[in-house]
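Hi,

Here is the structure I promised to pass on. My notes on what turned up follow below it.

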Amino acid sequence: MPAVSHAAHAKGDFFVDYEEKVFEDVKAKPGEKALVTFHTVAFEGSIGFVNLLQATRLQRKGYETSVLLYGPGVTLGVQRGFPTLGDEAFPGHQNFNNQITKFMNEGGKVYACRFALQALYGHGEPSLIPGIRAISPLDVLDLKLLHLRDNAVVIDTWTV
């Protein structure tokens with residue numbers, strides 16, 4: 001029978017070389033923009049949170065960064081909490097709210113589709129995290145087209 005001859009891993013051990021960076025650290029040139037779109041439901045996977053982190057990183061790299069919440073993506077932008085708004089019912093419960101707020105505090109813009117907000121998910125504009133701008137469903141496509149016209153970095157977040 002084979003024997004394990006390695007010592008057990010201990011707290012503080014490294015598994016990977018986290019210091020090596022393979023590619024140059026790209027920074028935005030003046031006027032460059034980025035758009036991160038979200039058509040994903042809050043808490044149904046990591047992609048929504050991961051791309052909120054990407055949006056924050058783009059903002060910090062100097063891109064004029066916008067986030068678009070549409071379809072189920074508007075669920076990332078509603079205020080939540082239990083037993084009252086802002087309370088964290090379980091660890092990580094406020095991840096989306098906290099990251100969106102941090103992103104906006106650092107100069108990022110967040111837009112939410114009014115159609116999805118009301119017709120699909122039964123929320124009104126007062127349900128949104130303060131600072132999120134509600135937009136017409138007709139603006140959803142135009143926001144993306146404006147960014148494409150400006151040769152912006154566009155990251156589309158979709159889950160099915």
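Let me begin with N97: at 7% relative accessibility, N97 counts as buried (under 20% relative accessible area with a 1.4 Å probe, protein chains only; exposed is over 50%, partly exposed in between). N97 sits in helix α2, residues 95-105 (helices are DSSP runs of H or I of at least four residues, strands are E runs of at least two, both numbered from the N terminus). The N97 side chain comes to 3.3 Å from the backbone oxygen of V78.

A caution before the rest: the model is predicted, so local features need pLDDT of at least 70 and side-chain atom pairs count only at pLDDT 80 or more, while totals for chains, interfaces and linings use all residues. Residues are numbered from 1 along each chain as its sequence is written, and side-chain values use heavy atoms, leaving out hydrogens and water.

Now to helix α4 (residues 137-149). Its 13 residues should span 18 Å at 1.5 Å a residue, and the end C-alpha atoms are 19 Å apart, which agrees (the expected span is 1.5 Å times one less than the number of residues). V140, L143 and H147 are buried in α4. Down the helix axis, the buried residues fall within an arc of 70 degrees, so they line one face of α4 (the arc is taken from the directions from the axis to the C-beta atoms). On the face turned away from that side are the exposed L138, L141 and R149.

After α4 comes N151, with a positive phi near 55 degrees.

Best wishes

Methods. Polar contact = N/O pair within 3.5 Å; in protein donor to acceptor, adjacent residues only side chain to side chain.
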